[in-house]
Each structure stands twice: as structure tokens, then as C-alpha cells.
Amino acid sequence: MNELVSIVTPVYNSEKHIEETIKSVQSQTYGNWEHILVDDCSSDKSELIIRACQAKDSRIKFHQLEKNSGAGVARNKAIGMAEGKYLTFLDADDLWFPTFIQTSLNAQKTYKASFVFASYKRLDENLSPLLKDFIVPKKVSYHDVLKSNPISCLTAFINIDELGKKYMPLIRKRQDLGLWVQYLKEVDYAFGILEPLAIYRIREDSLSRDKKKVLKYQWEFYRKVEKIGFFQSLYYILNWMFRGFLKYYN
């Protein structure tokens with residue numbers, strides 16, 4: 001097995017961590033990949049850092065948006081550019097362990113699945129332990145991810161030869177969930193890898209987000225994006241609140 005894997009990374013003022021993120025891709029034990037980085041009009045040195053890496057590694061692809069448009073637009077541009085059989089995502093401040101790609105490919109073969117995702121470590125900006133490892137469930141369905149979304153934008157791994165290219169909805173929040181549910185309407189389950197294969201770098205403001213706004217975006221996702229009825233949306237959001245508490249405070 002030596003099929004091309006396309007890696008999508010949106011970039012915006014990411015000079016602090018982007019080189020480390022790129023190096024975590026270059027350190028993969030599986031080498032047939034393309035890393036597509038789309039810059040959303042950064043005002044720092046992100047472009048210079050990426051171009052310096054690109055000059056040394058032709059597997060790195062770089063594109064710059066003409067105007068600041070948000071991470072969803074940047075990811076969708078990269079999805080459109082992707083030439084691989086497999087599609088995966090890595091944000092500009094997160095990291096993969098060296099076996100992430102190979103283990104994800106092995107899991108797809110083991111489960112005979114087109115969509116897998118992995119557990120990950122949750123560290124602070126300086127890579128010190130912050131929360132305990134997030135261990136994903138063994139499998140999730142469409143209805144499961146509406147109750148609580150365990151599929152991260154740093155470990156989702158999709159066979160787009162089998163499932164096709166799909167794009168994130170251009171909504172303010174929950175863009176990744178909007179993509180996952182499209183695929184989960186076509187397959188019964190996405191399968192989880194229990195071993196942590198990545199590092200999610202949690203910024204301090206991520207833990208203190210306005211919870212009312214988070215709930216607002218989640219409610220709008222049910223009602224406006226998925227067109228779910230009021231009472232079923234209420235059922236999902238109550239699950240989301242309870243499981244979200246367990247995810248961050250258990």
C-alpha cells in the first residue's frame with residue numbers, strides 16, 4: 001500500500017508553531033503524502049516559514065487566499081487541491097506522532113472502513129499536560145456525533161476515493177462537524193483508534209470560551225444546517241451539554 005495521502009492545514013498568523021507542525025508531518029513513518037497549507041492572509045512570518053520548508057521538501061504545497069476568509073474557506077480550498085486517495089486534517093498549531101498516517105491506514109484496512117479517527121493528547125501551548133488524554137469511542141454513527149463529536153480536526157482520516165470529496169459548510173462554527181455528518185450519512189460508522197496519535201494544543205482562551213455562544217452555534221447547527229426539529233434538537237443539545245462537561249472536566 002503506497003497511496004497518496006492529502007493533508008489539509010489552514011494557516012493564519014501561525015508563525016509560532018507552524019514549523020513544528022510541518023516537521024511532525026515530515027517525521028511520519030509513511031512517506032507518500034502531500035501537505036497542503038492554505039494561508040488566510042497572515043500578517044506575520046507564516047508564509048516565509050512555510051516557503052522555506054517547501055524549498056526543501058516538494059511534498060509541501062502552499063496556496064495563499066486573496067482575502068481573509070476564515071478557516072473553513074481555507075480548508076475547502078485545500079480539499080479542492082487534494083490529489084490523494086486519502087484526506088486528513090491538521091491545524092497549524094497541532095502535532096502528529098510519527099505513526100499517525102500508517103496506523104490510520106492500518107485501521108481502515110482492519111475495520112474495512114472508509115472513515116477512521118484517533119485519540120489524542122491534550123496539552124497546553126508549551127506542550128505540558130493540561131487535560132487527560134481524550135480516548136475516542138470504538139465507533140460513532142451520525143446520531144452519535146450529534147450528541148457529542150469525538151472526531152477531531154487533527155485525526156479524521158477519510159478515503160475520498162470511496163466516499164468522494166465533500167466540503168465544509170461555510171458557517172461560523174461547527175464546520176468540521178458539518179463535514180463529518182455528510183460522510184456519516186453515507187456510512188454507518190466512523191471507527192475510532194483508541195491509541196493517542198496526535199497532540200491537540202489547547203490555548204488558554206479555549207477553556208474559557210463563552211459557553212452561551214458555544215450553545216448558540218450548536219443549536220443553530222441542528223436547526224439551520226441539519227434541519228432537525230425543535231424537540232429532537234433539544235434532545236441532542238442536552239446530550240451535548242452533559243457530554244461536553246465530561247469531556248473537559250471529568
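The second largest pocket holds about 200 Å³ of space. This structure is a predicted model, in which local features need pLDDT of at least 70, side-chain atom pairs count only at pLDDT 80 or more, and totals for chains, interfaces and linings use all residues. Residues are numbered from 1 along each chain as its sequence is written, and side-chain values use heavy atoms, with hydrogens and water left out.

**The second largest pocket**

A pocket is, on a 1 Å grid over the protein atoms alone, an open set of points where a 1.4 Å probe fits, with protein on both sides within 12 Å along at least five of seven lines; its lining residues have an atom within 4 Å of a point. Its volume is the space filled by probe spheres set on the points, which are joined across faces, edges and corners. The lining of the second largest pocket consists of Phe134, Ile135, Pro137, Val140, Asp144, Ser148, Pro150, Arg243, Leu246 and Lys247. By class, these residues comprise 6 nonpolar, 1 polar and 3 charged. Here Ala, Val, Leu, Ile, Met, Phe, Trp, Tyr, Cys and Pro count as nonpolar, Asp, Glu, Lys and Arg as charged, and the others, Gly among them, as polar. Helix H10 (residues 230-249) supplies the largest share of this lining, with 3 residues. Helices (H or I, at least four residues) and strands (E, at least two) are DSSP runs, numbered from the N terminus.

Strand E1 (residues 5-11) is largely enclosed by the rest of the structure, because 7 of its 7 residues are buried. Buried means under 20% relative accessible area, exposed means over 50%, and partly exposed lies in between (1.4 Å probe, protein chains only). Val5, Ile7, Thr9 and Val11 are buried on one side of E1, and Ser6, Val8 and Pro10 are buried on the other.

Two strands are taken to pair if DSSP finds at least two bridges between them. E1 runs parallel to strand E2 (residues 33-39), to which 7 bridges join it. Within this pairing, Ser6 stands opposite Glu34, and Pro10 has Val38 as its bridge partner. Together with helix H1 (residues 18-26), E1 and E2 make a right-handed β-α-β unit. A crossover is right-handed if, with the strands pointing away from the viewer, the path from the first strand over the helix to the second runs clockwise.

E1 also runs parallel to strand E4 (residues 86-89), through 4 bridges. In E4, Leu87 stands opposite Ser6 and Thr88 stands opposite Ile7. Both faces of E4 are covered, with Tyr86 and Thr88 buried on one side and Leu87 and Phe89 buried on the other. E4 is in turn joined by 3 bridges to strand E9 (residues 157-159), and these two run antiparallel. The bridge partner of Thr88 in E9 is Phe157.

**Strand E2 and the step to E3**

In E2, 7 of the 7 residues are buried, so this strand is largely enclosed by the rest of the structure. On one side lie the buried residues Trp33, His35, Leu37 and Asp39, and on the other the buried residues Glu34, Ile36 and Val38. E2 pairs with strand E3 (residues 60-64) in the parallel sense over 5 bridges, and His35 stands opposite Ile60. The chain passes from E2 to E3 through helix H2 (residues 46-56), in a right-handed β-α-β crossover.

**Cysteines**

A disulfide is a pair of cysteine sulfur atoms within 2.5 Å; by this rule the count is 0 disulfides. The closest cysteine sulfur to that of Cys41 is in Cys53, at 20 Å, which is too far for a bond. Cys41 is partly exposed, with a relative accessible area of 26%, whereas Cys153 is buried at 11%.
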